[in-house]
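The exercises that follow ask you to read helix packing and sheet order from a structure. Work through each task with the coordinates open before turning to its solution.

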Amino acid sequence: MQASTSDVLRVAVIADSDTRWKWGALTARRLSVGDARLSGFLLRGRATPTPRQLAEVGAGVDTAAVREVTGAEFLRAVEQDGYDVIVLALVGGAVQAMLHGLAALGSPAAGTAGEGAAAAGTAALSKSVRRPVVVTGYVGVVYEKLADGLLLRHGADVVLANSPHDAERFRAVYEGVGADASAVTGTALPFLGGAPYAGGPLKTVVFAAQPSVPASREGRTYLLRRLVEHARLHPDREVLLKLRSQPGEHTTHIEELPYQKLAEKLPGGLPANFRLVYGHMGDVLDRTDLLVTVSSTAALESLHRRIPTAVLTDLGIREALGNHHFLGSGCLASWDQLDAGASPEADPAWLTRQGVAAGGPPSGGGSDDTAFDAVRERVARLLLEPQLPPVEPYYTHVSAPGYLPGILARYRLDAAPAAETGGVRRVVRDAVRDAARGAYRHGVQRVAPVIRRMGEL
């Protein structure tokens, strides 16, 4: 691996879903106060976003230049192209696999990615000027699998925490297992921003849908019915159902029961003041007077702008729904309360702890860029180091022999990238794998949901 020698910061972002691409691309743009050149990669899988989804994210990146790759192809690009910074905007298992792959790069003797990671990393460093700085984190609220997700991300140079609350929890997890917690760096979600709410009469209500919360047909039908009833109760309001994806597309989580399909079967049809909308969340929030959701990250975007925001309690306050994260926020409410005119007011202390609207959005709109000062300082300091230490994930074949091999095999990194065969054999093998992955993705995204829905008839 060899970092670039240009004055322009070269950043590679690899993501595995539309929301993680949004987080990764926007985070990459915050890492330097100077010029940055961003190279985009999508890790091939069941949630690989479509061009429409990438364009809708609004990250300011030419989507035509974003490459879809396997894990091994991404590691080869890193080895060949010389990046200063790598942003791993991936699910925890994929981050762990990439960390072990990065540790093994440059080591001709590396048999299994992650086996002897420190030695492999040292060998790589001996052949290069310096390795890239590795950055990772979370796309939104961390309300489940805290220890699991964090330990899978350990080994990166920077693990971003989106709030003071998260930074405290992240360090506690690492210190609790005796791991180095110095990588944890406080920041904010990079997509918080936009013009602050101006107030006024309640004209537009937006429900921010989530692909898998709630997961059941009963729960999703109930929420849709209550949203439609709210529109009928308040014909003077525009009621919008903000959707993340078209039927057949996938996001970070699989959506087996799209609201679009449920709406088609709703008795009585839809009122004239009710609409389904897509597009960039920021554009929708520009005209929102009340944001309603179960636990979507859109609630944080809304709260950052000081828009009245309701986190629904109708289906209970449960860890499975993620709305327990909003305990103490002042935003918990039911549809009955909203129908009667309630407008939740967020607790300022809770907002500060969550890194949301700590000082209120700037009067001219946009996000508070000072939240990224600590990240930029850490990255700049690491970039000045003549050599960075080897990538050393917490999980190794010694510490987790029954867990790590399965993760590496899932991303086909159980063999070191340098050991892959070449020539015609590799071309044929890759073509067969590509066809198999295409068939698998089609089965997961299109066929399986249909079979499950037929089973419920």
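A crossing is left-handed if the near helix is turned anticlockwise from the far one by less than a right angle, and right-handed if clockwise. Keep in mind throughout that this is a predicted model.

**Exercise 1.** Describe how helix 3 and helix 4 cross, and list the residues that make the contact.

*Solution.* Begin with the axes: those of helix 3 (residues 71–81) and helix 4 (residues 92–104) come within 10 Å and cross at roughly 40 degrees. Helix 3 is therefore oblique to helix 4. Next, take the hand of the crossing, which is right-handed for helix 3 and helix 4. Sorted by class, the contact of helix 3 with helix 4 has five nonpolar and two polar residues, and no charged ones.

**Exercise 2.** Work out the strand order of the seven-stranded open sheet, and say which strands stand at its edges.

*Solution.* The order is 3-2-1-4-5-6-7, and the pairing is parallel. Strand 3 (67–69) and strand 7 (184–186) each have a single partner strand, so one side of each is left without a neighbour in the sheet. On average, neighbouring strands of this sheet are turned by 30 degrees against each other, direction ignored. At one pairing, strand 6 (residues 158–161) runs parallel to strand 7 and is joined to it by three bridges, with A161 opposite G186 of strand 7. Finally, helix 7 (residues 164–176) packs on the sheet and touches strand 6 and strand 7, its direction making about 135 degrees with that of strand 6.

**Exercise 3.** Identify the buried residues of helix 6, and find what they pack against.

*Solution.* In helix 6 (residues 146–153), the buried residues are G149, L150, L151, L152 and R153. Their packing partners are helix 4, strand 5 (133–136), strand 6, helix 7 and helix 15 (404–410). After helix 6 comes G155, which has a positive phi near 115 degrees.

Key. Residues numbered from 1 in each chain as written. Predicted model: local features only at pLDDT ≥ 70, side-chain atom pairs only at ≥ 80, totals over all residues. Heavy atoms only, no water. Axes fitted to C-alpha atoms, helices over the stretch in contact; angles between N-to-C directions. Helix = DSSP H or I, 4+ residues; strand = E, 2+ residues; numbered from the N terminus. Parallel < 35°, antiparallel > 145°, perpendicular 65-115°, else oblique. Contact = heavy atoms within 4.5 Å. Nonpolar A, V, L, I, M, F, W, Y, C, P; charged D, E, K, R; others polar. Pairing = 2+ DSSP bridges. Buried < 20%, exposed > 50% of the residue type's maximum accessible area, 1.4 Å probe, protein only.
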